[in-house]
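Biologist: Please take a close look at one part of this chain and how it packs against its surroundings. Then set it against the rest of the chain.

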Amino acid sequence: MINDNFKNNSKQRMTFVDLFAGLGGFHLALNKLGHECVFACELDERLRKLYEKNFGIKPMGDIREISITVDIPPHDILCAGFPCQPFSKAGEQNGFDDPESGDLFFHILKILKVHKPSFFILENVANFERHNNGKTWREAKEHLEKLEYTVEIKKLSPHYFGIPQIRERVIIVGSRSGLNHFQWPEQMVDNSISIKNILDVYPSDARVLSDQVIDCLNIWQDFLDHFPKDLKLPSFPIWSMEFGATYPFENVTPYALGIKELKKYHGSHGVPLVGEDEKTLFSLLPSYARTKEEKFPKWKIQFIRQNRELYQEHKKWIDHWLPKILPFPASFQKFEWNCKGERRQLSEFILQIRASGVRVKRPTTSPSLVAMTSTQVPIIAWENRYMTPRECARLQSMEELVHLPDSNTAAYKALGNAVNVRVVELVAQSLLSLKQETMEKKIDLLTGV
């Protein structure tokens with residue numbers, strides 16, 4: 001006899017596989033909906049051990065060495081946050097041709113072809129859909145549709161759903177029975193969203209800012225203090241290395257100009273371009289101006305022009321400020337103010353130091369968690385500290401995860417690579433609803449309800 005308990009447990013009957021599992025974001029999301037993981041794989045041995053501690057399942061290793069028919073059991077749902085480096089703006093953007101991990105998407109296709117799960121949920125960087133002028137996504141979609149899946153893609157971010165982190169990623173869903181029933185989760189506008197909702201107050205394990213970072217922030221605060229109060233701060237990135245630079249950039253690049261002509265100009269922070277060889281001379285240019293190309297892209301030309309105009313307009317006080325920033329690394333010498341109209345006080349904001357510079361954001365949302373180095377972790381400026389791994393886990397909706405990597409560096413990297421649990425949960429809830437409704441109707445027939 002089929003009782004109510006059987007009916008209540010019917011929603012737990014679907015099985016899923018967790019590919020490129022990482023910290024187990026898909027596992028947490030699908031498990032919350034009552035589904036069972038029957039297989040996982042992850043290349044990193046340390047993350048495999050951690051996954052086993054958290055979920056009781058030891059993932060297998062390299063997906064390239066796994067037997068699809070022997071090692072992977074039948075399943076209803078395939079989940080995969082496949083490696084994003086080949087498609088990220090921050091990488092080489094080699095796409096499917098990337099020698100390291102460009103082929104991994106095709107291993108997903110092989111599993112789908114053999115096991116034919118009813119659904120799949122894939123995740124990657126926001127740029128995946130636009131990569132190679134959209135050709136990469138069109139190719140991927142064509143392959144998936146050939147396997148008889150109806151496919152949709154959408155860019156989502158945790159802050160759309162009340163989570164204080166801006167982190168756009170594409171989610172790709174597929175169903176063998178069509179997607180007429182499927183709706184992407186409804187996005188919300190929450191004016192009360194605040195990063196402070198996930199933060200601890202002066203946590204004892206938080207890493208404090210180094211003297212170098214504190215000095216750098218004080219120097220940029222000095223810049224803000226000197227900037228005329230009646231003028232708006234630039235909306236473009238401030239590149240201090242353009243203050244005093246004269247090398248040509250609009251119609252020709254330093255590379256195209258050649259060493260002989262280039263010696264007539266000034267490089268970073270107005271330093272004369274002199275040197276016996278190309279390597280020495282080019283080291284005096286900003287790193288973004290050393291590229292071997294005949295012409296800079298429009299966005300770079302625009303930023304250089306805007307910074308040189310900024311310098312000319314404020315040269316009198318910038319010349320007194322400029323020597324203070326010179327001892328710092330290049331990433332500390334650039335500045336992005338993303339707080340238009342706010343009080344110009346750095347201690348009131350969320351900060352992040354990335355290759356693109358010191359980024360300032362309102363305390364409503366965190367910058368996107370990436371596979372961070374220790375210096376790229378968001379800074380809680382009003383407490384003079386970095387965000388802790390536990391706080392970062394909350395930004396990824398992973399607060400239920402019992403074990404994180406032992407070292408902060410490894411934890412930040414893994415969390416930066418993770419999928420956001422709440423976003424996946426909302427997508428999966430809609431995607432899997434049709435199958436669950438069908439199962440419930442069958443049980444109703446069997447029970448005579």
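Modeller: On one side of this contact, helix α2 contributes G25, F26, L28, A29, L30 and K32, and on the other, α14 contributes V421, V424, E425 and A428. Contact here means heavy atoms within 4.5 Å. By class, the α2–α14 contact holds 7 nonpolar, 1 polar and 2 charged residues. Ala, Val, Leu, Ile, Met, Phe, Trp, Tyr, Cys and Pro count as nonpolar, Asp, Glu, Lys and Arg as charged, and the others, Gly among them, as polar.

The model is predicted, so local features need pLDDT of at least 70 and side-chain atom pairs count only at pLDDT 80 or more, whereas totals for chains, interfaces and linings use all residues. Residues are numbered from 1 along each chain as its sequence is written, and side-chain values use heavy atoms, with hydrogens and water left out. Helices (H or I, at least four residues) and strands (E, at least two) are DSSP runs numbered from the N terminus.

As for geometry, the axes of α2 and α14 cross at roughly 45° and come within 8 Å. α2 is therefore oblique to α14. Angles under 35 degrees count as roughly parallel, over 145 as roughly antiparallel, 65 to 115 as roughly perpendicular and the rest as oblique. The axes are lines fitted to C-alpha atoms, for helices over the stretch in contact, and the angles run from 0 to 180 degrees between N-to-C directions. The crossing of α2 with α14 is right-handed, that is, the near helix is turned clockwise from the far one by less than a right angle, anticlockwise being left-handed.

Buried means under 20% relative accessible area, exposed over 50% and partly exposed in between, with a 1.4 Å probe and protein chains only. The buried residues of α2 are G25, F26, H27, L28, A29 and L30. They pack against strands β1 (15–19), β2 (36–40), β3 (77–80) and β4 (119–125), and against helices α3 (45–55) and α14 (421–431). After α2 comes G34, with a positive phi near 90°.

Helix α4 (residues 104–115) packs with helix α5 (residues 135–146) at an angle of about 15°, their axes 10 Å apart. That angle makes α4 roughly parallel to α5. The crossing of α4 and α5 is right-handed. From α4, F105, F106, L109 and L112 meet E139, A140, H143 and L144 of α5. This contact divides into 6 nonpolar, 1 polar and 1 charged residues. An α-helix has 3.6 residues a turn, so residues three or four places apart point the same way.

The loop between α4 and β4 holds K116. Phi of K116 is positive, near 50°, in a residue other than glycine. Most residues other than glycine have a negative phi. K116 counts as partly exposed because its relative accessibility is 46%. H269, in the loop between α8 (259–262) and α9 (278–282), has a positive phi too, near 55°. H269 counts as buried at 15% relative accessibility.

E336 lies in strand β8 (residues 334–337) and counts as buried at 14% relative accessibility. Apart from neighbours within four places in sequence, E336 is in contact with P237, S356, V358, R359 and V360. Its C-alpha is 8.8 Å from that of K361, 25 residues away along the chain. R308, in helix α10 (residues 298–313), is buried, with a relative accessible area of 13%. With the same exclusion of neighbours within four places, R308 is in contact with E242, A245, T246, Y247 and F249.

Of the 449 residues, 53% are buried. Among contacts with a separation of 6 or more, 66% join residues 24 or more positions apart. The chain exposes about 21800 Å², of which carbon and sulfur atoms supply 49%. Accessible areas come from the Shrake-Rupley method with a 1.4 Å probe, and for residues only the protein chains shown count as cover.
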